[in-house]
Every structure is written in structure tokens, then in C-alpha cells.
Amino acid sequence: MSLQMVTVGNNITLIQPGFSLMNFDGQVFFFGQKGWPKRSCPTGVFHFDVKHNHLKLKPAVFSKDSCYLPPLRYPATCAFKGSLESEKYEYMIHGGKTPNNELSDKIYVMSIVCKNNKKVTFRCTEKDLVGDVPEARYGHSIDVVYSRGKSMGVLFGGRSYMPSAQRTTERWNSVADCLPHVFLVDFEFGCATSYVLPELQDGLSFHVSIAKNDTVYILGGHSLANNIRPANLYRIRVDLPLGSPAVSCTVLPGGISVSSAILTQTNNDEFVIVGGYQLENQKRMVCNVVSLEDSKIKICEMETPDWTPDIKHSKIWFGNNMGNGTVFLGIPGDNKQPGSDAFYFYVLKCSEDDANEDQKTFTNSQTSTEDPGDSTPFEDSEEFCFSAEATSFDGDDEFDTYNEDDEEDESVTGYWITCCPTCDVDINTWVPFYSTELNKPAMIYCSHGDGHWVHAQCMDLAERTLIHLSEGSDKYYCNEHVQIAKALQTPKRALPLQKPPMKSVRKKGSGKVLTPAKKSFFRRLFD
């Protein structure tokens, strides 16, 4: 095993925990960028080009008939072939988190429609499901089994938001283990069927799954309800006769306690498990080799790579399988140093020999970090366009056109921002404060200067005031600008108090003014 540090170009901020990698005939593609795709790369899929220990993310192109693919993080992905003998395959993507922290329940199919020396053109289609449709989730697995000349997808585990009836103000964004049901998905007709197997008692998330022929092996995982990582090993076998499928589960000995590990395949019958966690904040530094022979599974520890001090001391790590026995790893950077990168990246080669190109086993593993509640700030989406022509990125110089400076400043474009010096709204701990909030904090627009958005709760607004300001067009100034706004206002000019004038009369030959009473007195006197 060899470990090499990798430098990344100016688009390093796109690589965040929860991303996925897809390997098409030796070419690796990155999916699950931070935030919504921008004009620089409307598809959100990049060619993951590593040469001489330097990584470049080059924008990928979609065909005109592609659907929109959101940048999902922590989804379940797997390679799919119509049959074991088929050479052409596609990638299935299910579930995952969207940039505004919502969960997807859709299945997307990624395939190549055009390929040349300079670029690859993808087609993305959405697959509609009927029957027992799996609920929206993340941190789960999806694999493909082959039996009697037919194929079927096997979906298991993951986490989802609590049902609406059980969500309270304090637990609004809480997640729970999905039920330990096994779903069979017919990718051709879009039919899904749920199976309850008595051997599966816990809905495990961030487990490792290995599929070969008609069998799926489930290793490790994290049970959120019990907060344990059981050393379980399950064998799920699927028989696909002419009638209804037959699904069975067997508990095997020799499992390992691990969650969020990365699985990579080194040859037809051998896999390597890298990374993961054995406790909440304790990384699992041991690597395991998994051998599948004669319908038997064997798991053994293997020689670990020479981990760098940064990797050893880091509390978290994440990554994904690049294929051909290669793993891409990331750890947090040194935030104490100004100008330091957010993450450092490494490439781990578990096998010096190239994997057999005729591999008939396809693997699936979740991203190698326990979900830290990490989510990017919500951004207003642009108009997405998939009409890029085949010549849009001809030539290396034009192909590598992504510019990080083109991205908008995410700190001021969405709900998950620091709106004022005392703002304490955190995506990891936020719960609804107003009855009008569902899954995002209520915001109000401050009219000072060019205007900016602030959280209503940070401004200590009563709900009645929030509704009043939201419905009307009144100007509003946040706590920081309300005094400034008052100082800028010109006080209204007060009109002088109008008093009725008192009538007076002058006595002839006198300069004195007579009051009405005296005037009446003198009139009677002279009359």
C-alpha cells in the first residue's frame, strides 16, 4: 500500500464530506459538489483528473435530453449492468442530501452517450418508482444482484428525518434510523418491493456492502437508536425465478465494528476496507482485506499504510473509492494558520497491480465520514442549462474553465448565514422558533443601505411583528442599523399652534387697545 499527498487546483472548496466518485472505464468523475451548480459548470459533475499527484476538476457535459441532477451528498451509488455478460454499464444514484438539507427519494441513472480523448458527454435520467417506494434517506447502500439471467437492485439502511407526527420544536431536524427493510428495485420497470427479514433488527447507516452474483454482504454500520456499531455480518441472498423473488438473510460470524468506511476492489474476489470509525470520534486506523471465494467470505487485517502525523491526529476523515484499488482521502486543514486549505487530500493505492478489467463484481460503500451534520449554505439556484454543445470545452485550456471566483459569496446568499454579530443560528442545532417555520429559519429584509437579510429570531421579533412585516411593504431596520436609520431621518416639521386672534378696538385719540369688555362699557357710557 502506498500513500501520496495530492495538491488540488483553485476549485478545492468544491470537495466536501459526502461527495461521490464514479469510475467509467478508468476515468473517475466527481459528483456532489458544495452548493448548487453554477454557470461555470451547470451539471455539477467534474472529471476527477489526478496526474503527478495534482488534482484538477474539469467540468463535465450533459446531453440535451438529460434531466437536472442536484448535487446530492451521502447518496447510495452503484454500477449497474443489464447482465453479467454485458460490457456497458451505468451508475445508479439514490437518495442523499440536497444543499438546503432536504432529503431525496429519487433514483437517477448516469450513462455515457459520447466519449473521445478530450471529454465525456453524460446522459442523466430520472427513474420513476412504483410499489413499495423507499422513503427519502441518506447514508444507505444500493447494490445489484444477478440471478437466473436477471438483475435486481438491493437497497438497505440509512437515515431519514423523523415522521411529521413525531416532530416537535425541539426535535424538528432530528434524524432516525430507517426501518430495517430490504427493498428490491427493478431498474428496468421501476418496481420496488419491501421485505422484512427477522435477522435484520436494526436500521444500520453508513455500513459497508459488497455484492457478488446473487448475494449482498452487509458489514458494520451505525445504529443511531442504540448508538452502537455492532460487529455484525449479514448475507442477503436473492433468487430471481420466473415468479416472485425469494429473499433470505443469514447472520455470519467474523464481522467487524466499523462505520463510514471506504470499500475498494483490488481483483475479482478481493476487496479492501479503508478508514471509518470504531467510536464516535475515534477513527479506525486498521485496514481489512475481504476475500469472496466459493460463496464464502473471509475478513482479515492487513498491513496498514504509513499514515502521516496529520492523518493520525485528525479527528475526522472522509473520502471515496476511485476504483482499481485506489482510495481518495481527505482530512481537515489547519484552520489556525491564515490562508491554509480547508482540507488536505491523499491518494491511497491498496494494490500496485491494475485491477482486472473484466471484473464482474461491483461494489458500493458510503462516504467515509459519519455524517457530521455538515451542510452547505443554501443558495438561490441559477437557471440550469444542459444544452452545452459537444464543442463547448474543446481543448484542455477551454475544458478546464471552472473558476472559483465565479461562485457567489455563500455567506450572504442564504438562510444558513451569520446575519449579525450576535447571530447564533447554526444548521446543526437550529429548531423552529415561529409556527410559520418548517425547515428553514424565518428571515426579514433590513432596508438599510443596499439591504440585507437577517434572521427574525436573532432580531428578537414577536411572531405577530414578523407576520406584519412579511405581509406589508413597511421598511424594517435590524438591531444593528435601527439607530443609524433613526439618525438619518429628518424630523417632521411641526406646525405652530393656531390660536384665534383677540379682537381689539382703539379709543379715538388714544394709543391704548380696548378689550371687548371695555369696548362694551364705553359704548354704554357714551350712549
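Predicted model: local features only at pLDDT ≥ 70, side-chain atom pairs only at ≥ 80, totals over all residues.
Reader: Which residues does the UniProt annotation "binding site" cover together with Cys-446?

Author: According to the unreviewed UniProt entry, the annotation covers Cys-446, His-452, Cys-478 and His-481. They span 36 residues in sequence, yet no two of their C-alpha atoms are more than 10.9 Å apart, so they gather at one spot.

Reader: Is His-452 buried, exposed or partly exposed, and how should I read its relative accessible area?

Author: A residue is called buried when its relative accessible area is under 20% and exposed when that area is over 50%, with partly exposed in between. His-452 has a value of 23%, so it is partly exposed, whereas Cys-478, at 2%, counts as buried.

Reader: Where do His-452 and Cys-478 lie, and what does Cys-478 touch?

Author: His-452 belongs to strand β33, residues 452-455, while Cys-478 sits in the loop between α3 and α4. Leaving out residues up to four places away in sequence, Cys-478 touches Cys-446, His-452, Val-454 and Met-459. With its own neighbours within four places set aside, His-452 has contacts including Cys-446, Cys-478 and His-481.

Reader: Which residues does the annotation "binding site" cover together with Cys-419?

Author: The unreviewed entry in UniProt lists Cys-419, Cys-423, His-455 and Cys-458. These are spread over 40 residues of sequence but cluster in space, the largest C-alpha distance being 8.1 Å. Cys-423 is buried at 16% and lies in the loop between α2 and β32, while Cys-458 is buried at 15% and is placed in the loop between β33 and α3. Beyond four places in sequence, the residues that Cys-423 touches include His-455 and Cys-458.

Technical notes: Residues numbered from 1 in each chain as written. Heavy atoms only, no water. UniProt positions renumbered as here; feature names shortened; annotations may be inferred. Helix = DSSP H or I, 4+ residues; strand = E, 2+ residues; numbered from the N terminus. Buried < 20%, exposed > 50% of the residue type's maximum accessible area, 1.4 Å probe, protein only. Contact = heavy atoms within 4.5 Å.
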